[in-house]
Amino acid sequence: GLLQVLIGVAMVVCMLAWSSLDWIRIPLWVIERSPSLLRNNAFYKLFACLAQSAALVFVPTFLMGFAFPFAGRFFASEIKSLGRRLGSAYMINTLGAMLGPLIWGFWCLPLLGIQNALLLTAAGAALSGAIVLAYVNRKWAVCGAVALCLIIASLAVLPEKVLAQSYQRRRGKVLHYEEDVDGSVAVLQTPQRGGDCRQLMVGVTSMITDNFRCRRYTRMIGHLPMLMHPEPKNALVICLGSGMTLAGVTRHASLESVDCADLSRGVINAARNWFSEANDHVLDDPRVRLIINDGRTHLLTTAKRYDVIA
């Protein structure tokens with residue numbers, strides 16, 4: 001019970017650290033000041049990214065690792081029914097491992113967002129711990145109750161969008177931020193040579209900006225395959241992004257229809273609302289059909305054939 005309470009508190013403390021401190025940039029600071037041989041090494045960069053993640057999730061996940069051994073010891077307290085009790089423990093653990101990703105990944109995260117889903121998890125851990133402590137010793141239950149109150153109080157302390165604020169603190173002004181089952185999508189206004197531009201972020205990965213160079217090469221990705229076909233009637237664009245490749249494809253007069261497959265509704269919303277000038281309002285083109293799916297999966301499951309795939 002005490003372990004569960006500690007897990008809940010550790011999750012909230014890590015979120016508070018993320019929202020209010022900048023120590024998470026330490027690995028990046030180390031990379032920037034490393035010898036060029038290391039600085040340009042992909043494995044070294046990956047290690048630094050993992051170090052950033054570990055700084056946030058190590059303590060709560062380390063404590064979670066203790067949970068099942070403790071539960072196993074509790075369930076195995078009676079030798080006569082050892083097999084049945086340990087079997088029950090494994091069954092409960094397996095059911096949790098199955099239902100957790102389904103409920104949290106497909107319901108809690110899209111409905112509540114990453115931040116509120118994590119706070120709900122922390123509150124659930126503290127509440128379950130408080131109940132166990134109350135069963136064992138009512139004095140210990142006070143610790144669980146206090147921890148639960150602190151977690152609920154953190155709703156007032158934490159900014160509304162911790163992740164959005166971390167984007168803004170590190171990269172530029174946040175114009176749009178959205179979370180869905182496929183991850184977080186943000187549109188940032190970032191300063192560049194020649195003026196500010198808009199940048200599409202999916203997770204921590206920069207997908208595209210709307211500056212001149214990006215407009216030129218992303219449109220070319222659409223134009224080149226279309227020019228190689230004598231008279232393309234239908235086409236498929238895999239990955240919408242900002243919509244500029246799709247805009248390049250639709251410029252060809254012979255085209256009768258074009259499908260565009262993308263996994264994320266958040267990306268589609270960003271392309272429609274924040275990159276419409278850069279993509280010539282391509283999503284309003286009656287020839288365009290959006291498909292919310294993985295491009296490869298779409299190709300494997302559709303009977304339709306395309307003249308051009310970009």
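Trainee: How far apart are the closest N and O atoms in the salt bridge of Asp284 with Arg272?
Mentor: A salt bridge needs a side-chain nitrogen of Lys or Arg within 4 Å of a carboxyl oxygen of Asp or Glu. Asp284 and Arg272 form one. Their closest N and O atoms are apart by 3.8 Å.

Trainee: Where in the chain do Asp284 and Arg272 lie?
Mentor: The pair links distant parts of the chain, twelve residues apart. Helices (H or I, at least four residues) and strands (E, at least two) are DSSP runs, numbered from the N terminus. Arg272 is in helix 10, and Asp284 is in the loop between helix 10 and strand 7.

Trainee: What should I know about the source of this model?
Mentor: It is a predicted model, where local features need pLDDT of at least 70 and side-chain atom pairs count only at pLDDT 80 or more, while totals for chains, interfaces and linings use all residues. Residues are numbered from 1 along each chain as its sequence is written, and side-chain values use heavy atoms, with hydrogens and water left out.

Trainee: Is Asp284 buried or exposed?
Mentor: Buried means under 20% relative accessible area, exposed over 50%, and partly exposed in between, with a 1.4 Å probe and protein chains only. Asp284 has a relative accessible area of 55%, so Asp284 is exposed.

Trainee: Asp285 lies in the loop between helix 10 and strand 7. Which side chain does the side chain of Asp285 make a polar contact with?
Mentor: Asp285 is buried, with a relative accessible area of 17%. A polar contact is a pair of N or O atoms within 3.5 Å; within protein, one must be able to donate a hydrogen and the other to accept it, and residues adjacent in sequence count only if both atoms are side-chain atoms. At 2.9 Å, the partner of Asp285 is Arg287.

Trainee: Which residue caps the N-terminal end of helix 10?
Mentor: Helix 10 covers residues 265-274. Look for a side-chain oxygen 3.1 Å from the backbone nitrogen of Gly266. That oxygen belongs to Ser264.

Trainee: Which strands do the buried residues of helix 10 pack against?
Mentor: The buried residues are Gly266, Val267, Ile268, Ala270 and Ala271. Contact means heavy atoms within 4.5 Å. The strands are strand 1, strand 2, strand 3, strand 6 and strand 7.

Trainee: Why does the salt bridge of Asp259 with Arg289 tie together separate parts?
Mentor: The closest N and O atoms of Asp259 and Arg289 are 2.9 Å apart. Asp259 lies in strand 6 and Arg289 in strand 7, so the pair ties together parts that are apart in sequence by 30 residues.

Trainee: Is Asp259 buried or exposed?
Mentor: Arg289 counts as partly exposed, at 43% relative accessibility. Asp259 is at 2% relative accessibility. Asp259 therefore counts as buried.

Trainee: How many salt bridges does a search of the whole structure find?
Mentor: Side chains of opposite charge can pair when their charged atoms come close. Arg219, Arg251 and Asp280 are linked in a network of salt bridges. The search finds nine.

Trainee: Where is the kink in helix 8?
Mentor: The bend at a residue is the angle between axes fitted to the seven residues ending there and the seven starting there. In helix 8 the kink is about 30 degrees. It comes shortly before Pro225, at Ile221.

Trainee: What does helix 5 span between its end C-alpha atoms?
Mentor: The expected span is 1.5 Å times one less than the number of residues. A straight helix of 55 residues would span 81 Å. Helix 5 has a kink of about 115 degrees centred on Gly113. Its span is only 22 Å.
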